[in-house]
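Open the model in your viewer and keep the selection panel at hand. We will go stop by stop.

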Amino acid sequence: MTDLPILIAGGGIGGLAAACGLARKGLRSIVFEQASKMGEIGAGIQIGPNAFHCFDYLGIGDEARAVAVYIDALRLMDAQTAEDITHIPLDEPFRKFYGNPYAVVHRADLHGVLLKFCEDSPLVDIRTSHAVTGYAQDGDSATVLLKDRDPIKGLFLIAAEGLRSPIRAQLVGDGAPRISGHTTYRSVIPKDQMPEDLRWNAATLWAGPKCHIVHYPLKGGKVYNLVVTYHRDVREAIAGRPVSKEEVAQGFEHIHPKARQIIEHGENWKLWVLCDRDPISNWVDGRVALLGDSAHPMLQYFAQGACMAMEDAVALSHCMAMDRETVEGGLQRYQGMRRVRTARVQMNSRLIGEYIYHPDDAKAAVRNHVMKGMLPDDWYRQLNWLYGSNGLES
């Protein structure tokens, strides 16, 4: 490869993971972030064993484990009856089966681990206040186009700017994201404000008709992350708008009081309308490739958005190390390794929302009947396709 750096648009989890992976292979990159300072918004995310496989590949396993909160189980509750439907224990047999744990983490803490690696690496150059607007290429290089700045040439360009990526708009041209109509409200509260009988060391899902509630501990159990979702058929994309507790509670009258009380204890609620896109067959154009939400944005229901971005970073760095002589060949290999797997997660995220999180009546009864009969070993085998990989299988 030439002395030109690799260009990465976007300084979030996906972009920094890509820079980290490329640096581990001895490849130099420049990360362009449009914000004036590096950071990550949002609260908690769940990280499955596949994410920990990625951390280990990227050489940040110990650091990632240090900021994670290790929960005891994934719990599925019936939001109408407050009855247990099923749970997946995350104890030693789970860890032995997959070779890594399941945990939750504050998004900013995980971003901080990746950022420290990049800041400490002489192979990563991070540039803030650089808003990417598009790209150009000439067969031997790729050029990133920047708002109010001179273009910068590189060996190839990775787009990791998220759901509304300008580079995707140029490469794919598929318009605005699909608005699901699912409205999500998020809050983080201190442990002592969480109802005592719900202070479970678990990622808990209360599933109800057209709605669900999720909660789990963060920051070593000092706070709880609350996520409340209702399918309100909203057709406008909204991100991070403050809303009242009364607005959050609308539509949850049919939910059992034990679950509904979580809304009463939440504070400083903010609203997001969930969006995704249909899977696509091609996200590479010569020396330009998409990564993470720029390539395959998905609904939250599989808790795999950040995990898939990190898998992309692993696959990208692996493929570029293998194809040092042909950049285009390496990017095509990367796409081939990731396309089907990420599409499967996108599609399953929609299906899980409909048939696990939000069903009513007979559909809910079928869910309860099937899932109540599943033992831990059944769950391990069922989820092995997802949790057993670090993204290097096609």
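The tour goes from a sheet to a loop residue, then to aromatic rings and charges.

This is a predicted model: local features need pLDDT of at least 70, side-chain atom pairs count only at pLDDT 80 or more, and totals for chains, interfaces and linings use all residues. Residues are numbered from 1 along each chain as its sequence is written, and side-chain values use heavy atoms, with hydrogens and water left out.

**Stop 1: the sheet**

Show the cartoon. Six strands form an open sheet with mixed pairing, in the order 7-2-1-11-19-18. Strands (E, at least two residues) and helices (H or I, at least four) are DSSP runs, numbered from the N terminus. Two strands pair if DSSP finds at least two bridges between them.

Now select 124-127 and 284-285. These are strand 7 and strand 18, at the edges; each has a single partner strand, so one side of each lacks a neighbour in the sheet. Pick Ser-29; its bridge partner in strand 7 is Val-124.

Select residues 13-24. This is helix 1, which packs on the sheet and touches strand 1 (6-9), strand 2 and strand 7. The direction of helix 1 makes about 160 degrees with that of strand 1. Angles run from 0 to 180 degrees between N-to-C directions, with axes fitted to C-alpha atoms, for helices over the stretch in contact.

Then select residues 327-357. Helix 10 lies across strand 11 (157-159), strand 18 and strand 19 (288-290), at about 15 degrees to strand 19.

**Stop 2: Met-298**

Go to the loop between strand 19 and helix 9 (305-322), where Met-298 lies. Is Met-298 buried or exposed? Met-298 counts as buried, at 11% relative accessibility. The cut-offs are under 20% relative accessible area for buried and over 50% for exposed, with partly exposed in between (1.4 Å probe, protein chains only). Beyond four places in sequence, the contacts (heavy atoms within 4.5 Å) of Met-298 include Cys-275, Met-308 and Val-345.

**Stop 3: rings and charges**

Select Tyr-98 and Tyr-387. They form an edge-to-face pair, 5.6 Å centre to centre with 90 degrees between the planes. Rings of Phe, Tyr and Trp (its six-membered ring) pair if their centres lie within 6.5 Å; planes under 30 degrees apart are stacked, over 60 edge-to-face, the rest tilted. Both tyrosines, Tyr-98 and Tyr-387, are buried.

Finish at Trp-200. The charged end of Arg-75 sits over the Trp-200 ring, 3.8 Å from its centre. For this, NZ of Lys or CZ of Arg must be within 6 Å of the ring centre and within 35 degrees of the ring normal.
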